[in-house]
Amino acid sequence: MASSIRARAVESGGVVSIKALVRHPMDSGFVKDSAGNIIPPHFIQKLTISHDGKNVFVADWGPAVSKDPFLECRFEGGKKGDKLTISWIDNKGESDSTTATIA
Amino acid sequence: MIDQTRRGLLKGVLGAGVAGIALGSGLVPLRALAAPDASKWPKKAFATPGVDETIAELYGMEAEESDKISMDLPTIAQNGAVVPVKVETSLPNVTGIALLVAKNPNALAATFEIPKGTLPFISNRLKMAETTDVVAVVISDGKAYKATQNVKVTVGGCGG
Amino acid sequence: MLKTKIISVALGVALVVPYVLAAPTPEEDRKAAVEYYKQMFPDVQINDFVNGQYALNEDRRKQWESLQDFPPYEFAVAEGQEMFETPFANGKTYASCFDNEGIGVRQNYPHFDQSRKEVITLELAINECREANGEKALRYKKGDIASISAYMASTSNGKAFNITIPDDPEAQAAYQDGKEFYYSRRGQLNFSCASCHVQNPGKWIRADFLSPALGQPASFPVHRSKWGELGTLHRRFAGCNNNVRAKPLPAQSEEYRNLEYFLTYMSNGLPVVGPSTRP
């Protein structure tokens with residue numbers, strides 16, 4: 001089963017840069033389909049990135065975040081080879097999670 | 001403080017190791033453990049029109065203009081559905097950053113928690129319905145600061 | 001199919017196209033086009049033409065670079081690869097239908113099949129492979145066909161387009177047909193492809209920024225922010241025809257295949273960069 005999350009984490013000079021792309025429609029609830037019916041809101045509400053059991057980043061998202069959302073953030077203290085966990089949950093309660101290794 | 005770390009550790013260990021297995025096998029309880037807790041998602045803040053009203057709802061205080069927040073946004077968005085937005089700041093002890101799109105039906109696009117050790121930097125892609133101010137709010141030493149940049153959004157070219 | 005008419009569009013010295021006794025050869029056309037665009041945009045590196053509007057506008061280029069840093073089509077390309085590598089029900093794979101097992105071949109499409117006397121595009125070849133192996137054909141504008149085509153294009157990244165027009169009257173006719181299509185006005189707005197992409201690249205048309213014809217097919221299939229997904233070249237042809245309020249033709253119709261043949265030949269020597277993102 002393919003993950004909905006693609007992530008790249010690179011450490012340089014003590015700073016880990018994480019870039020992630022998440023497959024998700026991020027429907028706002030403001031758009032109608034071709035039949036004229038509102039497409040119900042379906043978007044990621046929370047995304048977390050954790051390292052060594054601790055959250056290094058928490059995002060609260062709304063439907064104004066683009067479809068197939070991208071995210072980049074940076075933190076100190078991670079080392080090459082460490083694992084990061086990236087997880088999300090959406091307004092329908094659907095969720096996904098993946099791990100990425102710091103390169 | 002210690003409790004929080006233990007809870008975090010537990011979540012992290014189980015999340016990292018078992019998430020992969022849980023997703024494929026339908027072991028719902030374990031999968032739920034790996035999922036973030038959305039119960040504290042700021043529902044009201046995400047349903048507020050207007051920048052000042054949203055800032056008040058989110059932080060209970062006004063934000064002061066700061067020239068120490070740098071925003072990297074296009075002058076004219078090539079497509080309002082996907083506008084790259086980058087914010088960073090030299091303000092000290094940043095614990096949160098928020099992105100607001102003034103003319104969107106609800107101004108709040110995203111808010112980010114910046115734990116200690118994480119750099120006050122965020123890059124994201126946002127939807128903008130029309131030409132609008134984009135406001136970045138930064139919480140530094142418990143106080144709210146903001147910067148604003150305008151993005152032109154056009155609809156209806158000949159590109160179909 | 002070929003109409004005998006004189007087409008002359010005022011384009012500057014290099015590209016006057018009269019059907020007189022000695023019509024220019026495709027290679028003469030191509031060289032003239034390259035010269036024309038070099039003169040129009042002297043500061044653009046020849047290989048950068050494949051990036052279209054992004055070679056001509058800094059603000060847009062920055063947005064494109066930002067998207068390309070982690071492109072939204074990565075999921076589709078990964079799926080395309082998976083589909084490409086998964087055997088059909090009969091046990092064979094796409095590799096059996098293509099030279100070099102389908103890896104690094106994008107730059108040779110489209111090509112003229114001299115026995116069938118028609119232009120074969122990559123998407124057509126993909127579907128013919130499917131049908132030859134007992135699978136249903138895919139729809140031509142988006143979805144799986146675009147993902148597979150995008151994967152195949154990615155394996156040719158950086159390779160120079162190498163479209164050949166055999167010394168065969170039918171092949172030459174297909175090329176000329178594509179060229180004629182390109183320069184013919186159509187639709188209620190009465191524009192030809194050339195009206196925008198030869199006469200006015202680097203300019204705004206309402207809220208859109210025009211790319212030059214040189215290098216246009218190189219970035220396909222493209223992920224358009226407008227579509228929120230990948231789309232094929234013929235999807236874009238249909239869209240453009242629609243925009244000038246002309247009746248769009250079916251994807252992979254003879255006209256569009258000939259048009260692709262002409263356009264891609266014009267881009268010979270330029271690198272494959274598909275898939276890419278566009279507004």
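Predicted model: local features only at pLDDT ≥ 70, side-chain atom pairs only at ≥ 80, totals over all residues.
Residues are numbered from 1 along each chain as its sequence is written, and chains are lettered from A and ligands numbered from 1 in the order in which they are written.

Let us start with chain A. Chain A has 0 helices and 7 strands, where helices (H or I, at least four residues) and strands (E, at least two) are DSSP runs numbered from the N terminus. Its pattern along the sequence reads β-β-β-β-β-β-β. The C-alpha trace of chain A spans about 55 × 25 × 20 Å along its principal axes. Of the 103 residues in chain A, 52% are buried; a residue is buried if 20 or more other C-beta atoms lie within 10 Å of its own, exposed if 12 or fewer, and partly exposed in between, with C-beta atoms placed from the backbone. Among the contacts in chain A with a separation of 6 or more, 51% join residues 24 or more positions apart, a contact being two residues whose C-beta atoms, placed from the backbone, lie within 7 Å.

Next, follow the strands from chain A into chain B. An open sheet of 6 strands has the order β1(A)-β2(A)-β5(A)-β7(B)-β4(B)-β2(B), with antiparallel pairing; two strands pair if DSSP finds at least two bridges between them. At the edges are β1 (5-12) of chain A and β2 (69-72) of chain B, each pairing on one side only. On average, neighbouring strands of this sheet are turned by 15 degrees against each other, direction ignored. Where do the two chains join? Strand β5 (residues 70-76) of chain A runs antiparallel to strand β7 (residues 121-126) of chain B, and 2 bridges join them. A:Glu72 stands opposite B:Ser123 in β7(B).

Now look at the core. The largest nonpolar core has 134 residues; such a core is a set of buried Ala, Val, Leu, Ile, Met, Phe, Trp, Tyr and Cys residues joined through C-beta atoms within 7 Å. B:Leu126 is among the residues with the most contacts inside this core, as are B:Ile97 and B:Val137. Not counting residues up to four places away in sequence, B:Leu126 touches residues including A:Ala64, A:Val65 and A:Ser66 as well as B:Val83 and B:Ala109.

Finally, turn to the helices of chain C. Helix α6 (residues 169-183) and helix α9 (residues 254-266) of chain C pack at an angle of about 90 degrees, their axes 7 Å apart; axes are lines fitted to C-alpha atoms, for helices over the stretch in contact, and angles run from 0 to 180 degrees between N-to-C directions. That makes α6(C) roughly perpendicular to α9(C), since angles under 35 degrees count as roughly parallel, over 145 as roughly antiparallel, 65 to 115 as roughly perpendicular and the rest as oblique. Residues meeting here include C:Tyr175 and C:Phe181 in α6(C) and C:Leu259 and C:Phe262 in α9(C). Helix α3 (residues 74-85) and helix α5 (residues 144-154) of chain C also cross at roughly 90 degrees, with axes that come within 7 Å. Therefore α3(C) and α5(C) are roughly perpendicular to each other. Their contact includes C:Val77 and C:Phe84 of α3(C), along with C:Ile148 and C:Tyr151 of α5(C).
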